[in-house]
Structure formats: structure tokens, C-alpha cells
Amino acid sequence: MPQCIRIHPADNVAVALCPIPAGTRLSLEGRAVQMREDIPQGHKLALAQIAAGENIIKYGYPIGHAASDIPPGAWVHTHNVRTNLSGEVEYTYAPDVRPLSPVPPETFQGYRRADGRAGVRNELWIIPTVGCVNDCAKALAAENQSLVSGSIDGLYAFPHPFGCSQTGADHAQTRRLLAALARHPNAGGVLVLSLGCENLTHEQFAEELGPYDPARVKFLTCQDVSDEFAAGRSLLEECAAYASQFRREDIPCSELVIGMKCGGSDGLSGITANPVVGRFSDMLVARGGSTILTEVPEMFGAETFLIHRCINSAVFRKTTDMINSFKSYFIRHGEVVYENPSPGNKQGGITTLEDKSCGCVQKGGTAPIMDVIGYGDPVVTKGLNMLYGPGNDLVSATAMTAAGAHLILFSTGRGTPFSAPAPTLKISTNTPLAEKKAGWIDFNTGVIADGEKTIDEAAKDLLDLVIRVASGEQTKAEKHGFREISIFKDGVVL
């Protein structure tokens with residue numbers, strides 16, 4: 001097994017695939033380098049002399065510049081590297097669109113909905129319109145688990161703190177997100193639970209939801225009844241009766257929508273897990289399916305991996321407007337655009353936001369970017385889609401679910417137990433994490449760093465796993481009963 005990897009021929013740093021002690025002499029592509037200090041797994045080492053002010057090159061792109069002279073074999077990290085990022089950028093479209101060769105799609109066992117869409121779960125969902133009824137929603141879910149039988153896969157409530165004391169676009173954002181969740185095809189039946197005096201009224205929600213099947217979606221306003229638990233039980237029984245009619249059947253993978261997310265990233269994220277997810281994305285798109293890439297702040301500094309793959313100039317403009325809009329959002333709130341890598345990211349080997357971003361966008365594979373969608377909006381175009389949303393794990397995973405993601409692929413170098421409303425597959429970047437947190441991790445791409453499998457082989461294994469999960473196999477988080485949402489808030493609290 002190699003001890004380090006140079007990702008791109010232009011790179012002046014390599015990444016340690018395992019801890020490398022000081023004094024170790026490595027030969028990499030005919031170049032001999034002796035380690036001047038210990039290099040932790042996932043961290044960078046200098047392959048040649050890097051002068052102060054010179055760019056640090058990784059993935060073939062600058063990820064910052066040297067704050068001081070860095071000799072060969074030295075550890076390259078936050079103590080001697082600074083970001084190159086600033087504010088908004090003016091972009092020029094230089095198309096580099098490479099359509100993928102079509103592949104006949106496999107099938108999965110899913111649920112065909114009355115409106116023609118496909119679902120991978122047949123669940124009952126309770127969606128509060130306001131945080132004041134969160135505990136009522138949770139109690140209704142806990143007290144009515146007996147309804148989970150036959151073809152019904154689960155009963156879940158999705159509490160959140162919003163729906164009141166919001167105004168304008170912020171209020172509309174909450175309304176749009178919750179209505180989008182109520183439309184999700186993984187929900188065979190939905191109970192929308194209101195209080196009765198909140199900003200997000202029953203009438204507003206119904207208007208945002210648009211035409212709906214009253215056999216599938218029920219409404220309960222707690223202030224209008226003497227016993228919300230009895231009334232809620234009755235409505236959930238009606239939802240269950242409707243949902244129980246659905247049975248799994250063969251559906252082509254071309255109908256799958258898969259969200260792609262990374263969190264708790266480390267220095268191996270852009271080498272193992274994210275490239276595997278990107279290769280998977282290409283495989284699904286080639287089969288006629290759709291994938292979603294979000295985490296806009298984690299595109300900063302890596303835009304050129306993406307923007308020139310836009311299918312046309314209109315999509316290019318939507319993409320660059322999305323990126324600059326998010327930078328403006330940071331600046332408007334008095335924040336710099338580059339203060340992103342978390343302490344855990346840095347401990348795992350990520351030095352700057354550009355470093356993190358270049359690894360993050362590997363999840364997008366090579367497919368053309370077909371569309372850019374807004375927060376709370378659905379995927380309507382087949383292929384790779386960009387989604388406006390932040391990098392926060394819970395917020396972005398919720399947004400991808402609302403956009404129609406049947407499943408979410410979540411790569412991580414540090415580990416996390418959470419799950420979105422859509423089944424969330426945890427993909428480890430390294431084998432030690434997969435072994436330590438076997439109760440969290442569904443798929444290990446550390447086998448690539450270990451030299452046991454190629455990216456292509458791991459991506460094919462991941463596709464097989466996605467098909468099994470879409471057909472009913474539970475993720476680790478599902479087995480624990482983990483499901484939650486988080487809404488992107490950007491406004492005052494009244």
C-alpha cells in the first residue's frame with residue numbers, strides 16, 4: 001500500500017494515506033522526499049521547495065498560498081498556508097460539456113404513486129407547520145406505531161422551531177420547504193399538524209402545497225379540536241388505510257433522484273469517498289437518473305470544476321449567480337467567504353476552504369450540469385442538478401429531500417449518526433472510521449486508500465447498495481430510527 005498520493009501531476013503537495021513518521025524517505029514518481037516531521041493521515045506534505053507567497057497546488061488547482069517558505073518533506077497545513085479567497089468573482093463561460101454514453105437502467109423495487117412518481121419508502125409523515133406543536137407531533141408518532149404494518153415502512157414526525165414570528169422571504173422559505181416535504185413520494189400519507197394562531201396558516205400551507213390528494217394528505221389544527229391526540233389518531237388511520245394499498249414493484253433506476261452530501265470531511269474525502277460518489281453520479285446519470293449537488297459555500301474556490309460543464313449559457317449564468325449570491329449572503333451578514341473548515345475538518349487534514357471545496361465538488365463527477373434549482377424547489381430536469389443551499393449537514397440534507405431526493409449519499413471522514421427524512425447512506429473515507437463506527441457507516445471507501453479496490457469498483461458496489469436500499473434494505477440510521485429536518489433560516493425573529 002502506498003503511503004501517500006499525488007492527486008494531479010501539477011500538484012506540489014502529496015496527501016498521506018496513512019501516518020508517516022518524521023525521517024521516512026519516500027520515493028514518489030521518481031522523486032525522493034524525506035519527511036521533516038510527522039505527517040498525520042489525510043494531511044499534506046511538500047514535494048518540493050515552496051516559496052512564501054507561492055500557491056499550494058492540490059487537485060491541479062490552487063488551494064491557498066504559502067505563508068512562509070516551505071521546504072520539501074514539510075507538513076503543509078494551517079500553520080503555513082493562507083487562503084486566496086475574497087468576494088464575488090466575474091466568470092466567463094468556456095463550455096466543456098461531455099455527455100455520458102447511455103447505459104440501460106437496472107430496476108429497483110419501489111412504490112408507484114398515483115401521480116406516476118416513484119418512492120423508495122412507503123411511510124407516514126407528520127409535518128408540523130409551527131414549532132409550538134412539535135411535542136404533539138412527536139407524541140402522535142410515538143403513540144401510533146401500531147399503524148406501521150404490511151407495506152407501511154414507518155411513521156415519523158419532523159419537528160422544527162419555525163412557522164411563526166417570521167416575515168417576508170424568510171417566512172416564505174419555511175412554507176416552501178415544508179410543503180415540498182409534504183409532496184415527497186417516499187411519504188404514502190401525510191398529516192399536516194397546525195396550532196391555529198401561527199403565521200403559517202392552514203390556508204397558506206394549502207395554497208403553497210397546490211393540488212393534492214385528500215386521501216393522502218390530511219390537515220389537523222389543534223386549537224379547533226378538544227382532543228388533538230384522538231383526532232390525530234383518526235386522521236393517521238385514514239392515511240394508513242390509503243398508504244397500505246401500495247406495494248413494491250419493478251421501477252427503472254432512471255426514476256431515482258439521489259442527493260450527494262459530505263460532512264465531517266477529512267484529507268481523504270476528495271481522494272476516496274467523494275470521487276466514488278462522483279463516479280456513482282455519472283453511472284446513475286448515464287442510466288437516465290438524477291443527482292443533486294448542493295453546499296454552495298463549499299464550491300467557493302473550486303467553481304472551475306463545475307461551471308464550464310453547464311449544459312448551456314443560461315444554466316452557466318444560473319450557476320454563477322447562485323455562487324455569487326451566496327458570497328453576497330456572507331458579506332451582507334458581515335462574514336468572510338472563506339471561514340468554513342471546521343476544527344474537525346482541519347484535524348482531518350483540510351487546510352483552507354479551497355482545499356475543502358476541491359474535495360467537495362468531486363461528488364459531482366463529470367456529467368453535464370443540467371439545471372440549477374432554488375431552495376424548496378423540485379428537480380424537474382434529468383441528470384446532474386445544482387441546488388441553492390448552505391453546507392450545514394442537516395439543512396442541506398433536508399433541502400435535498402425537499403427537492404425530491406429518494407436517498408442521500410453522505411460521505412464523511414469523521415462520522416455522524418444523523419439522517420434526513422430520506423434514507424441517508426453514510427460513506428466513510430477511511431477504514432479506521434468504518435471499523436470504529438460500524439453502527440453508523442453503511443459503506444467504506446477506505447478500501448481505495450488501502451489499495452484493495454479501484455474507484456470504479458467501489459462505485460459499482462455503491463450503485464448495487466443504492467439499488468438494495470431503494471428496494472427496502474434499511475440504512476444504519478434507519479435501523480436506529482434516526483430522522484430529522486432543519487430549515488434554512490435567513491431573517492428576523494419577531
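Accessible areas here come from the Shrake-Rupley method with a 1.4 Å probe, and for residues, only the protein chains shown count as cover. By that method, the accessible surface of the chain comes to about 18200 Å², of which 52% belongs to carbon and sulfur atoms. The model is predicted, so local features need pLDDT of at least 70 and side-chain atom pairs count only at pLDDT 80 or more, while totals for chains, interfaces and linings use all residues. Residues are numbered from 1 along each chain as its sequence is written, and side-chain values use heavy atoms, with hydrogens and water left out.

**The whole chain**

Let's begin with the overall picture. The chain holds 13 helices and 23 strands; helices (H or I, at least four residues) and strands (E, at least two) are DSSP runs, numbered from the N terminus. The radius of gyration is 23 Å, close to the 23 Å that the globule rule gives for 494 residues, so the chain is as compact as a globular protein of that length. This radius is taken over C-alpha atoms, and the globule rule is 2.2 Å times the number of residues to the power 0.38. Along the principal axes, the C-alpha atoms fill a box of roughly 75 × 45 × 40 Å.

Of the 494 residues, 58% count as buried. Buried means under 20% relative accessible area, exposed means over 50%, and partly exposed lies in between (1.4 Å probe, protein chains only). Among contacts with a separation of 6 or more, 72% come from residues 24 or more positions apart, where contact means heavy atoms within 4.5 Å.

**Strands side by side**

Two strands pair if DSSP finds at least two bridges between them. Strand β20 (residues 383-387) has five of its five residues buried, so it is largely enclosed by the rest of the structure. Which strands does β20 pair with? Strand β18 (residues 290-293) is joined to β20 by four bridges, and so is strand β19 (residues 369-373); both pairings are parallel. An antiparallel example is β1 with β2 (residues 13-16), joined by two bridges.

| Residue | Partner residue | Strand of the partner |
|---|---|---|
| I292 | N385 | β20 |

The β1 and β2 strands belong to an open sheet of four strands, in the order β1-β2-β5-β8, with antiparallel pairing. At its edges are β1 (4-5) and β8 (75-76), each pairing on one side only.

**A helix to follow**

Helix α5 (residues 273-286) has 14 residues and reaches 20 Å from its first C-alpha to its last, close to the 20 Å expected at 1.5 Å a residue. That expected span is 1.5 Å times one less than the number of residues. Of the 14 residues in α5, 13 are buried. Just after α5, G288 takes a positive phi of about 90°.

**Two loop residues**

Is E295 buried or exposed? With 0% relative accessibility, E295 counts as buried. E295 sits in the loop between β18 and α6 (313-332). Its side chain joins that of K363 in a polar contact of 3.1 Å. A polar contact is a pair of N or O atoms within 3.5 Å; within protein, one must be able to donate a hydrogen and the other to accept it, and residues adjacent in sequence count only if both atoms are side-chain atoms. Leaving aside neighbours within four places in sequence, E295 has contacts that include M260, C360 and G389.

H79, in the loop between β8 and β9 (81-82), counts as partly exposed at 43% relative accessibility. The side chain of H79 makes a polar contact with the side chain of N80 (3.3 Å). H79 and T351 are 272 residues apart in sequence, and their C-alpha atoms are 9.0 Å apart in space.
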